[in-house]
Structure formats: structure tokens, C-alpha cells
Amino acid sequence: MQLTNRSKQVSNKEMTLMERAYLPAIATGMAITIKHFFKKKVTIEYPEVKRYLGPVFRGRHILKRDADGRERCTACGLCAVACPAEAISMVAAERQKGEESLYREEKYAAVYEVNMLRCIFCGLCEEACPKQAVYLRHDEFIPVFHDRDQVIWGKDLLVEDMNNRYTREAWTKEEAHLLDQKRANGEVTNVVPRAIP
Amino acid sequence: MELTEFIIKTLTILVVFVLTLVIAMYSTWGERKVAGFIQDRMGPNRAGPGGLLQPLADAGKMFFKEDFIPALANKWLFIAGPSLAMLTALLASAVIPFGSTFRYDGVEVVLQGVESNIGILYVFGVVALGVYGIMIGGWASNNKFSLLGAIRAASQNISYEVAMGLSLIAILMMSSSLSLGDIVAQQHGGNWNIFYQPLGFIIFLTCSFAECNRVPFDLPECETELVGGYHTEYGSMKLGFYLFAEYINMFVSSAIISTLYFGGYNYPGMDWVYNQLTASLGTTTGHNIATLIGTGVFFGKALFFVFFYMWVRWTLPRFRYDQLMNLGWKKLIPLAIINIIITGASVLFLKPFITSLLN
């Protein structure tokens with residue numbers, strides 16, 4: 001049965017004089033390697049250049065704010081329940097008078113912690129969230145830990161920065177495909193690809 | 001010896017010594033860079049611009065590692081091995097003519113460590129000693145793999161030295177001199193030996209690959225069969241010396257190849273450049289600058305062959321041991337002997353015939 005056209009019948013016949021001389025074969029090989037010497041390198045130099053990971057990559061968590069800059073999270077704990085790795089923990093608190101501009105709901109998470117060593121980045125928390133408060137970013141992942149203290153991320157690291165808001169431009173495979181086509185056509189999108197994948 | 005002559009000589013020797021070391025040092029960087037480029041990678045590029053500080057970082061690492069000597073090893077020989085490898089590698093560059101002459105204060109000094117009239121013989125003697133470094137290191141390690149690697153190295157070097165010497169005899173028959181300076185001077189004016197001795201050149205090149213234990217003849221350090229070869233038990237700077245000696249050998253053999261076959265410091269249009277320089281800058285300065293240009297050309301040629309070594313390394317797979325021996329004894333030695341006969345016949349019959357035709 002023939003699967004591809006690439007297979008070659010092995011032959012045991014005597015080599016010709018050209019083949020036995022070996023030097024022409026070496027010259028061919030050297031020509032191939034020197035061609036690669038001048039080729040464009042495929043390396044993406046990581047810390048300086050980061051590869052675009054796709055619109056549905058599950059990177060690090062972010063706690064979203066709404067359009068007015070109020071935290072969306074209401075500390076219902078559904079994400080913590082949904083989490084198969086039990087990485088999320090939180091402490092709820094009641095919103096006081098005068099804090100309406102800080103928290104969207106009457107109850108909020110005073111402490112919201114994700115243990116980044118436990119997290120498996122499955123994305124079940126963002127699916128469980130009824131308030132669309134927690135997301136896994138598609139453009140950033142957690143950096144290397146140097147210290148045990150850096151493992152548990154609190155609200156200081158998780159809550160969204162209003163000056164640098166996080167948006168995701170595609171949600172499904174179909175949308176991502178459409179987006180890729182748009183980008184290929186040169187129509188501007190909000191995410192600039194940082195390296196050619 | 002005059003004082004100025006002595007000073008110039010001392011400076012030449014020092015410069016040659018330092019240059020050899022620096023080139024060997026940067027060959028390690030070059031090797032990795034070439035390897036990377038040939039494999040579509042970048043090579044080292046983090047330490048300094050373009051990775052240029054990489055050799056320093058490597059050396060620093062080597063120095064700070066534990067200088068370990070195995071309990072059952074012969075301590076004296078264990079230390080003598082890498083020292084000897086380094087010593088013999090450095091000795092060979094003494095007789096290479098790096099340029100024509102340097103004029104200062106009416107004294108003309110040859111840009112060569114030692115002006116020996118048996119230069120090429122000296123090179124062969126020293127290079128043959130190089131096998132002791134490997135052999136002693138492998139023996140002193142008290143490790144069967146090291147010993148096997150050392151034995152391989154020794155037999156390989158001895159086998160290929162025969163073919164190397166025979167291929168060289170053809171050159172000596174043409175130049176009728178053992179002095180490297182004379183051999184280079186005779187190649188003046190585009191009269192390079194490569195045009196007369198293409199077969200001899202190929203044999204010499206192949207043998208120098210084998211002598212340097214480079215791919216495709218790097219059987220002594222064949223990892224898949226012998227762990228690390230003769231330097232299995234070595235670490236720290238002693239291992240560094242072994243690796244360094246290999247790169248020095250590579251540079252020295254490249255220099256000798258360009259001396260013997262590619263006219264050394266000669267280059268096309270040399271006389272014209274010389275006349276222009278002496279006419280415009282005076283006989284002393286012009287002469288010296290012309291010499292320096294020749295030296296630059298020489299280093300260019302030698303470095304090209306260093307690059308060639310690396311290029312081959314990342315192209316050809318390693319030979320099997322029996323293939324190595326077959327190639328050495330059954331192909332290269334007969335070919336070298338045929339080359340000698342042809343050269344002898346040409347020198348004896350063809351050369352008078354052609355000269356009589358031309359006159």
C-alpha cells in the first residue's frame with residue numbers, strides 16, 4: 001500500500017565512480033549548509049519580541065472593572081467553587097456608603113487571591129463568573145517566580161488598570177478566523193501582532 | 001643581534017602569541033555562531049553585542065568550576081596532559097611567516113617567530129607531539145573510555161601523519177626548501193601552490209582535519225561511543241585547556257594551509273600596492289604598511305580556513321572507525337604517493353620542456 005509519494009525504494013547497487021569519489025557529495029552538502037548560513041533566522045528573541053499567542057489563549061487572570069471604573073466582582077465565590085485546582089480564595093465585604101464609585105455591587109471582594117502555582121489555567125473561573133469579572137488574559141502570562149511570596153497574586157496584581165484596559169478582540173474560533181482574515185487584509189485592529197508566528 | 005632587531009623580534013613573538021590565543025578564544029565564539037547560523041539559529045547573542053563577550057563568560061565559568069582530580073588517577077600525568085596539549089599547540093605557530101619583513105632604523109626583521117630553515121619539519125615534529133597530550137590525559141584518567149578515546153586519537157594521528165607528510169613532499173620537491181619563509185616567497189605573484197598541487201591540497205586538508213580531531217574525524221571524542229573521549233574525566237580549566245588546544249591547533253593548521261598552498265601573505269596586485277606605498281610614503285613607512293597589509297591578507301586566508309573547519313563540522317557526519325582507517329591507509333597514502341610520482345616527473349621532464357618552449 002502506498003501512502004505517500006515520498007517513499008524511496010532502497011537499492012543495494014554499486015556506487016558509481018562519482019559517488020565513490022565522495023568529494024562531489026561533500027560539495028553538495030556544503031552548498032546546502034552555506035545556503036542556510038545566509039537564510040533568515042526563524043528565532044523569535046523572546047524577552048524583547050513576544051509572539052502573538054492567539055485571541056483565545058488563557059494567560060494570567062485579570063479582575064475587570066466596568067466602564068465607570070468600578071470593580072465588577074461581587075465575591076459570590078462561584079469561581080472558587082468552579083476551580084478544579086482550588087487556586088482561588090476570597091474574603092467578601094459589604095460596600096460602605098461613599099464607595100459606590102469603587103464597587104459595582106453591594107458586596108465586593110476585600111481579598112481576592114489566586115495561587116499561581118495551583119492554577120492550571122483551565123478558564124473555568126471565567127466561565128463560572130456571573131458578573132463577567134474574572135478573565136484569563138490572552139496577551140500576558142505569569143512571569144517566572146523568584147520567591148515564594150510572588151506565587152500568590154492578590155488584588156494589587158489582579159485588578160484591571162483603567163489607564164491600560166484589557167480587551168479581547170475575538171471569543172470563538174470563528175471570530176478568531178475572521179479576525180485573522182481582517183488582519184491579513186490590512187484592516188486595522190486594536191491588537192498589533194508582535195511577531196510573525 | 002642588534003637591540004632594535006631583538007625588540008622587534010620580541011614584539012613579533014608576543015603579538016603572534018597573543019593573537020593566536022585571542023583567535024583561538026574567539027574561534028569558540030565563532031564556532032557557536034557558525035553552528036547557529038547554519039542551523040537557522042542566532043547563536044550566542046546575549047553576552048555583549050553579538051555575543052562577543054561569550055568567550056570571557058565561558059572562561060570565567062571554567063575557572064570557577066571545581067578543579068577535580070579523580071582519586072585513582074595519576075595526578076602528575078593528569079595535570080601534564082592538558083598542559084602538554086596546550087604547549088604543543090602553541091609551539092607550532094613559532095615558525096609561521098605572518099608577513100614579509102619589517103623595516104625599522106635600517107634593520108630588516110622578518111615577521112616570523114623563528115626563521116628556521118627547517119620550519120615545516122619543526123611544525124611536523126611539534127604537531128606529532130600533540131598526540132602525547134591526548135594520550136597522557138587519557139591514560140592518567142584511569143578510565144577505560146578515556147583510554148579508548150586516547151588510543152583512537154593516537155592511532156588516527158599516526159595514520160594520517162603519514163599521508164600528510166607524503167602530500168607535503170610534493171610541495172617540497174617543487175620548492176626544494178624546508179623553510180616556510182622560502183616556500184611563501186616562491187609563491188609570489190599569483191604563483192600559488194594550490195594551482196600546481198590540487199590533489200596534494202585535498203589530501204593535506206583531509207589529513208589536517210584528522211590531525212585536529214575535527215569532524216568528520218572526531219572519533220576520539222565520539223560521545224555516543226566513548227562518553228567524552230579522552231577528556232571524560234576532565235573538568236574545570238583543564239578541560240578548557242584541551243578544548244582551547246583544539247582551537248589553537250585549528251588556527252595553526254589553517255595558517256599552515258594558507259602558507260603552503262595559498263601563498264601566505266602574497267596577494268594579487270601586491271607589487272603594484274608596494275610600489276604605490278613606497279612612492280607615496282617613503283621606503284620605510286611604505287614598506288612597513290605594505291607588510292602589514294600582507295599580514296592582514298594572511299590572517300584573512302587563515303581565518304577563512306578556520307571558518308571552513310566549522311562549515312565542514314556542521315555539514316558532514318562522523319566517519320566510522322574502519323572507514324577512517326580505510327580512507328587513511330588505502331586511499332590517501334596511495335594517492336599521495338601517486339601525487340609524488342607525478343610531481344617528480346613534472347619537475348624532471350615537464351618543467352624543462354615548458355621553460356625551453358617559453359624561451
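Reply: The account below begins with the conventions, then treats the helix, its chain and the contact with the other chain.

This is a predicted model, in which local features need pLDDT of at least 70, side-chain atom pairs count only at pLDDT 80 or more, and totals for chains, interfaces and linings use all residues. Residues are numbered from 1 along each chain as its sequence is written, while chains are lettered from A and ligands numbered from 1 in the order in which they are written.

Helix α1 of chain B comprises residues 3-38, 36 residues in total; helices (H or I, at least four residues) and strands (E, at least two) are DSSP runs, numbered from the N terminus. From first C-alpha to last, α1(B) reaches 50 Å, close to the 52 Å expected at 1.5 Å a residue, where the expected span is 1.5 Å times one less than the number of residues. A kink of about 25 degrees is centred on S27(B), the bend at a residue being the angle between axes fitted to the seven residues ending there and the seven starting there.

S27(B) is also one of the buried residues of α1(B). A residue is buried if 20 or more other C-beta atoms, placed from the backbone, lie within 10 Å of its own, exposed if 12 or fewer, and partly exposed in between. After the helix comes D40(B), with a positive phi near 60 degrees.

The strands β1(B) (residues 101-104) and β2(B) (residues 107-110) run antiparallel and are joined by four bridges; two strands pair if DSSP finds at least two bridges between them. They form a hairpin with two residues between them, and D105(B) in the turn has a positive phi of about 60 degrees.

Finally, the contact between the chains takes nine residues from chain B and 11 residues from chain A, two residues being in contact if their C-beta atoms, placed from the backbone, lie within 7 Å.
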